[in-house]
Amino acid sequence: MGITTHSGITIGQNNGYAILDCESCGFIHVHPKPTIEQMQDIYPKEYYSSHYPGWIEKTLSEQEYWRIAFSRRFEVFEKQLPENRRRVLDVGCFLGLFLQAGKSRGWSVVGIEPSEQGVAHGRKNGLDVRHGFFEDFSEHELGKFDVINLSLTLEHVLDPISLIDKAHGLLSAGGLLCIEVPNDFSALQQGVKKVLDKDDYWLSAPHHLNYFNFQSLALVLGKSNFEIAHQTATFPMEFFLLFGENYLGNDALGRECHRRRMTFETNLKNAGLGEFMDKFYEFLASQDAGRE
């Protein structure tokens, strides 16, 4: 790991792991972290079958929503880059839906995915998906990219700082690193805890090893010589909990709340209010709010 000595305040426990607000790293993470061997057991075979059964089928049933969501992300990239800069790497590409959205817009796309199921699905759809972890591949094997996408990835990896540094080295000059992580230990989550008398319900060790917010992520990126070009958020699912719709431990209600969130965003887009939606989520980000 890039940092071998961790120090700070233990702020909780989850599934036998201490949750450390680490001064050395600048963000919250489990301590000690699992071994590489344990990580290899979790992700290539069992993750989507045991930890998230039905997740693949659920995601495929939502393809139209994700096509809209990912197209919005590519629109941001295209505003930041000249027209001849269109090569993207998606780290942890899952089923390849993000790559498909980019390919449909004329991007050259490459994915990396540790899950055997995810790799098989992406390749079946004609995508260039490499099987393994990002750390397994060299610049010689991958080449340079104009955009590297890390969507819901950093919370899972043993050493996010080294991963970000590696991404920096794989970007062409002026390239973009897009990171999406859960926004944890947020004011909205703390509000839910107080109102519903809940513990830290967002903790999920050992699958979620690292916990970021806007400030800690910006701090880590600054140390790796990145500048913030754009900041946004996703729908704050805590709104539903504060509405009185307690989906915690109620999977059926959770799915219904997620469906309503997707309907809300799809209807805004179809009503020609995509720009309004973008500004709304950028405002939430400015207030440190949003689920991711």
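Which residue in β7 does Val-91 stand opposite? I found Leu-150 there. Before going on, I noted that this is a predicted model, where local features need pLDDT of at least 70, side-chain atom pairs count only at pLDDT 80 or more, and totals for chains, interfaces and linings use all residues. Residues are numbered from 1 along each chain as its sequence is written, and side-chain values use heavy atoms, with hydrogens and water left out.

Entry on the parallel sheet. I traced β4 (residues 87-91) and β7 (residues 145-151), which run parallel and are joined by four bridges. Strands here are DSSP runs of E, at least two residues, and helices are runs of H or I, at least four residues, both numbered from the N terminus. Two strands pair if DSSP finds at least two bridges between them. I read the order of this open five-stranded sheet as β6-β5-β4-β7-β8, with parallel pairing. At its edges I have β6 (129-131) and β8 (171-180), each pairing on one side only. The twist averages 20 degrees from one strand to the next; axes are lines fitted to C-alpha atoms, for helices over the stretch in contact, and angles run from 0 to 180 degrees between N-to-C directions.

Entry on the helix. I saw helix α4 (residues 97-104) lying across β4, β5 (108-113), β6 and β7, at about 175 degrees to β5. Contact means heavy atoms within 4.5 Å.

Entry on the antiparallel sheet. I read an open sheet of four strands in the order β1-β2-β3-β9, with antiparallel pairing. β1 (8-14) and β9 (210-211) are at the edges with a single partner strand each, so one side of each has no neighbour in the sheet. I followed β3 (residues 28-31) to β9 over two bridges, and found His-29 opposite Asn-210.
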